[in-house]
Amino acid sequence: MQNHWIEESCLITRHEYRQKIFEAWRDRCIYCGREATTLDHLIPRSSPDSTELTSNLAPACLSCNRAKGNKDLEEWYRSRHEFSSDRLFWILEWQRQPWVK
């Protein structure tokens, strides 16, 4: 994954905001690489650490999003047969970035 950063811009609609996240990952699920149809909260919404920052939202296919649920990202992903250390690296890089709300 290269050049997946979203540049800060003027006011954008919620739809545009979400679309930029999908585009940053080329409309692919961050976990398995299939077509993404949902946005997953990397830190689950049920966690007190969850945010609506772009860095906590990532495209996911419905199957992966449902399977992950409110589980810890790394622990869950490492247990998957789709696990990729390269993909995990990019997911964690995505989370570390100071994104726009």
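**View 1. Confidence across the predicted model.** The protein averages a pLDDT of 84, and 81% of the residues score at least 70. Over residues 1-5 the pLDDT is below 50. Beyond near neighbours in sequence, that stretch has ten contacts in the model. Where pLDDT is low, the predicted coordinates should not be read in detail. This is a predicted model, in which local features need pLDDT of at least 70 and side-chain atom pairs pLDDT 80 or more, while totals for chains, interfaces and linings use all residues. Residues are numbered from 1 along each chain as its sequence is written, and side-chain values use heavy atoms, without hydrogens or water.

**View 2. The largest nonpolar core.** This core has 24 residues. Those with the most contacts inside it are Cys 29, Ile 30, Tyr 31, Leu 42, Cys 64, Ile 91 and Trp 94. α1 (14-24), β2 (57-60), α3 (73-78) and α4 (85-96) each supply at least two residues. A nonpolar core is a set of buried Ala, Val, Leu, Ile, Met, Phe, Trp, Tyr and Cys residues joined through side-chain atoms within 4.5 Å. Buried means under 20% relative accessible area, exposed over 50%, partly exposed in between (1.4 Å probe, protein chains only). Helices (H or I, at least four residues) and strands (E, at least two) are DSSP runs, numbered from the N terminus.

**View 3. Around Cys 64.** Not counting residues up to four places away in sequence, Cys 64 touches Cys 29, Tyr 31, Cys 32, Arg 34, Trp 76 and Arg 80. Contact means heavy atoms within 4.5 Å.

**View 4. The buried side of α1.** Tyr 17, Ile 21, Phe 22 and Ala 24 are the buried residues of α1. They lie on the same side of α1, because they cover an arc of only 165 degrees around the axis. The arc is taken from the directions from the helix axis to the C-beta atoms. Their cover includes β1 (38-41), β2 and α4. Arg 26 follows α1, with a positive phi near 55 degrees.

**View 5. Salt bridges.** The structure holds four salt bridges (a side-chain nitrogen of Lys or Arg within 4 Å of a carboxyl oxygen of Asp or Glu). One joins Glu 74 and Arg 78 (3.5 Å, N to O). These two are four residues apart in helix α3, about one helical turn. Another joins Glu 82 and Arg 80 (3.2 Å, N to O). Glu 82 counts as buried, at 16% relative accessibility.

Definitions and conventions. pLDDT is the predictor's confidence in each residue, from 0 to 100.
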